[in-house]
Amino acid sequence: MADQGAAMCEQLIKAVNVMMDAETSQIYRLEALKFCEEFKETSAFCVPCGLQLADKAQPAVVRHFGLQILEHVIKFRWNNMQQQEKVQLKECAMQLLSKGTHSILEEESHIKDALSRITVEMIKREWPQHWPDMLKEMEALTSQGEAQTELVMLILLRLAEDVITFQTLPTQRRRDIQHTLTQNMESIFSFMMAILHVNVEDYRKLKSSPGHELKARAHCRVAVATLNTLAGYIDWVSLVYITSGNCHLLEMLCLLLSEPDLQLEAAECLLIAISRKGKLEDRKPFMLLFDDVAIHYILSGSSHTSTNSLCQVLCALGGQLCSLVGSDVEVEVPANLSKYMEAILAFTTHSSQFLKSSTLATWGSLFRHETLSKEAVVVEMAIKYLRASMINLVKTGFPSRDDNPSCGYSRVDFDSDEDFNLFFNSFRAQQGEVVRIACRIVPLEAFQIAAEWLQYQIASPIDTGDTTSKSAEGLCSLLSPSVVQWDAMTVFMECMIAQIFKNLEEEKLPIDQSMELLQAVLNYETKDPLILSCVLTNVSALFPFVTRRQHFLPQILYKLFKAITFEVGQDNKAPRTRAVKNVRRHACSSIIKICRDYPQFILPCFDMFYNHVKKLFSSDASLTHMEKCSLMEALVLISNQFKDFAKQKAFLDELMASVVAEWTSEEIRHVLSDPAVFLSFVGADQVVTEHSKDTDATGLNRGRLSFCLYAMLGVVKRARWPADLEEAKAGGFVAGYTPAGAPIYRNPCTAHFLVLLPNLLLLIRTHNSLYMPENMARLSETFAKAHEVMDAEKNVVLGLSQHLLDIYDSPVYRTNLERMQGFFTTLYDNCFHVLGSAGQSLQQEFYTISGLAEEINRSAFFSLDHVPDHRLQNFLNKLLRVFLRQLVLSCPQEYYDSLLCPLLGPLFAYMQQRLNVKWQVINQRTSVNGEDEEEEVVCQDSQVTQEMLEEQLVRLLTREVLDLLCKSVSCISKKVPEPAANKEEIEEEDMMMDSVQTAAPAQPTEELTELGKCLMKHENIYMTLLTLSFTSLSWKDTTNCHRTASMVCWTLLRQVVGGNLLPEAVTWFYTSVLRALQVHGQHEVCNSTLSQLAMLIYENLRPRYMELRAVMTQIPNISVEALDQYDHRLMDPNAQKVGDKKRKDQFKKLIAGTVGKALCQQFRKEVHIRNLPSLFKKPKPDKDVLNTEALGLAALFSPENNAL
């Protein structure tokens, strides 16, 4: 027998060496692996061979495999082993810990890890009931030397991780172990603290003693292991252990920050401790860390490796400070608060951008704090912080560059310039928030800083640096020194101005000084588009002051109008660069913003404004359609201040005359009504080479259509009646009153919209028909892909990062194909924007258009079968977010039946059928691929990407449709307050539910809106919605499954629970939920919502439908006895009711057989850990026993008991 074992060991050693040898061929490696795995599963020699291979004379890989064998035996054979075998294996394992390793510095870390795993697996199965002395044995081991002490620490850490953090064992065993750990926590903590103390002392004595370096390193290694183990316990033990002995542990950790070899681990422990939540009273001792000595140690411990942890420690300390000061717990403001803030400021002014960002939350909490923000030292610090942010807002530190000390740190923190850029954008947004809060505390000082900075920028010559623009000589790029400075100053200015007006009384506003600033900005001339853009933002930011000094207005308008026609050179034919386009767009936006926010103030300048726009339109051919329409939009905004219906309508007549004439002309009607003519008109049927550019005529035609739509949108979106009813009546805007007495308003742009609407609907219909095969065939070779997904869209759908960071301002060249794609997309989008805005702006006048629903159905829903998914997704997105949402929000209830039901009914019916087909294709594809996996199918990358794209588009399309179904504002569900979602609160709720005996199912948190109720009245729409929501549960999209199960399914089904549903329908609803559990049950969130939904259906419908029981009996591994018991409680009014939580758990167990497993879990070998005799025996009062016995006897003799 022994010979057999020895021979087997030799074979195993050979197999392990074959597996680990880099030269071995794949076939041999698989053979060796198979041999080893079969040995672990079947051999009777596992324990002796494992022990022999684990002998420290063997090489490390062989020893590791030996230990793996032993771990496998404990995990999978323990329950079948004899008591004697278990004891013997445990003794051998303890021997390995005691004598089976090399010295602490020589031993491989993976061997230590494997040894600790074996011991922990035994502890999980036997402690405390069958191994009461485990802790004592561990303590005894530590007296044998550093190697054993380190192993004991690894065992204690792994035990805490498995039981508390990862919870990888059954509930009862977990409770037993956690309870025993907690009971012994005082001795465990003292034990760890003592080991830490002894080893740190020995390390300090020996490290500088010549000839004792190895011994010192051994003590250091034990100290590190102990700190790591402490970190695993500090997270969850009672705060008492952390703060006991006047915070002895924290004091010790602070002292260790001055030891370079231990400071990282010490900082980690300190951070976990100080970040603890809990009762404020228990956290009060943390304030001891504001002691001068503690702060000194925290700061002096700062080295490059631990800086980040120490910064987090300081920030966590700030969190405790803000929680405790000003709370019910009496805590004074620390005397050395300024020293603490100086420490935080040191990190805020550090060269690492990442470190700076770590301090922002703390500054925000301090400046926001009701008590602390009034402290003189905090007020003083707010000014220092604002000065520091002048540097921090500047975008520098790109990893690829070397123009700033922070570049070196960025190379460590970020993978690429794009990565850094993403980080910095969010960092700057957070900084803006903190700057705003600081400005509330010191508004005038903040203004002073901004004013000095702006004056300094105006006086400084432009510095283009080494990265000049590629488009024109002497222009800056995005990273030029001048641009990053102007940019930062502009952000600061915008944050500050908003706060000044909120936090200073009118008489204290620095109006004169701000006017001087504004004058300097208006006088500043630059030909650099990037800097001009910043100048325009400053003009907009300072504009609120202008309302106090009206004579500045013409100068401002002049400055903005000049920027609208900005060009870099004389050559207007060259394509404009991105920066130039942005400046012009920026100027348009600024004008619209001013007209939107201060229309009354601009009104006196209306004639000057209007004449200037007319002049621009007639003279300057270089204005884009969008720019022209922005100016029209601004004029409409001012015209709302006429407050005179006739005058405003006359103005709009004049403004829109050319658009109405163009759009309603015979030529355009002919173009919009025939797809072939339309394609020819826009040039999509012509072959164009890149050199020849597409012909001017078709380019102009596209422009004509675009301009009409932009103009339509601008007017419909902005024209309004006065908000004040009296003013509206006086101005002639009220056409009458509803029966309820609400005024019916009229919009001065209604007449124009009604004239433009027929051709708008024609365009939508024609656009949908462009996807028909005969029209696709009409596209020329150049534009054959005009309807395909644009690359940018593709990246968005697949979640890929956008194009590389372009710091050079290069001209925006677009291919003819890209232009055509952009034209089709924008044109279509704008159609729905116009319709959406019309509902909101015209209201009653829009809803009462006769036959509106039929017209929209005939156009928007025409030929949807041919529309590809990406366009349909875009269409639904616009239909939902832009058109229907506005419609639903502003549509009075009396028009639901005439307008919304006829629109939504057919749409949902069509989408349900279309999506069902799409998901079947996807499911087939995945199941077919699964079967073909054996014959290695080689797919092209492009094919895989295409399939991913298609699947993701179907997913997005599904979400859009169900969004329309779910959205509270939109369609079905109206939220009522939800229960607590906080983890701690949930646990408390669970405990309460256990104790409260309640029979009613928990009500879901959704109710129908008025529109929802209206849709329910139409049986065909109602059935479509039910079918769509229940079918969609098993489509492979967890997000959608969770939302629909939690928000829609029961809300809809509940409406007919009391009615006469067909048994087949009830069975189908229920099996749909169970099918979804099979697909999504592996995900905790879906599992929870689907189980809740299944329970609601079962409990509400089971009493009337026996068929549901038949469905339940088909669930694999269901306990029929448990099902009978559940049904009895449900159906028998006299049965004893159980708590809500218990009922849920029972139901979950019943349907557990339907829950699908994740692929990674399907072939995993189950580990079974048996429960030991319980540590908690619940004493049962005698009266309970007597009562239940009495009930039992009564039941036996009860003649009415039908069940017996």
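## Model and overall fold

Residues are numbered from 1 along each chain as its sequence is written, and side-chain values use heavy atoms, with hydrogens and water left out. Because the model is predicted, local features need pLDDT of at least 70 and side-chain atom pairs count only at pLDDT 80 or more, while totals for chains, interfaces and linings use all residues.

The chain has 57 helices and 4 strands; these are DSSP runs numbered from the N terminus (helices H or I, at least four residues; strands E, at least two). Of the 1204 residues in the chain, 51% are buried, where buried means under 20% relative accessible area, exposed over 50% and partly exposed in between (1.4 Å probe, protein chains only). Among contacts (heavy atoms within 4.5 Å) between residues at least 6 apart in sequence, 77% join residues at least 24 apart.

## Helix H32

Helix H32 (residues 645-663) has a kink of about 55° centred on methionine 656; the bend at a residue is the angle between axes fitted to the seven residues ending there and the seven starting there. Methionine 656 is among the buried residues of H32, which also include Phe645, Leu652 and Trp663. The buried residues of H32 pack against helices H30 (606-619), H31 (625-639), H33 (666-673), H35 (696-718) and H37 (750-769).

Arginine 746 lies over the face of phenylalanine 645, at 3.7 Å from the ring centre. A charge sits over a ring if NZ of Lys or CZ of Arg is within 6 Å of the ring centre and within 35 degrees of the ring normal.

## Aromatic pairs

The structure holds 41 aromatic pairs. Rings of Phe, Tyr and Trp (its six-membered ring) pair if their centres lie within 6.5 Å; planes under 30 degrees apart count as stacked, over 60 as edge-to-face and the rest as tilted. Phenylalanine 606 and tyrosine 610 form a tilted pair, because their ring centres are 5.8 Å apart and their planes are at 40°. Both residues are buried, and, being 4 residues apart in helix H30, they are separated by about one helical turn.

Tyrosine 847 and tyrosine 895 are stacked, at 5.9 Å centre to centre with 25° between the planes. Tyrosine 847 belongs to helix H41 (residues 844-847) and tyrosine 895 to the loop between helix H43 (869-890) and helix H44 (896-932), so the pair ties together parts that are 48 residues apart in sequence. Tyrosine 847 is buried at 4% relative accessibility, as is tyrosine 895 at 15%.

## Nonpolar cores

A nonpolar core is a set of buried Ala, Val, Leu, Ile, Met, Phe, Trp, Tyr and Cys residues joined through side-chain atoms within 4.5 Å. The largest has 374 residues, of which Phe609, Phe678, Phe846 and Tyr1070 touch the most other members. Helix H44 gives the most to this core, with 13 residues. Apart from this core lies another, of 6 residues, including Phe645 and Tyr745.

Not counting residues up to four places away in sequence, phenylalanine 846 touches Phe753, Leu835, Ala838, Gly839, Leu852, Phe883 and Leu887.
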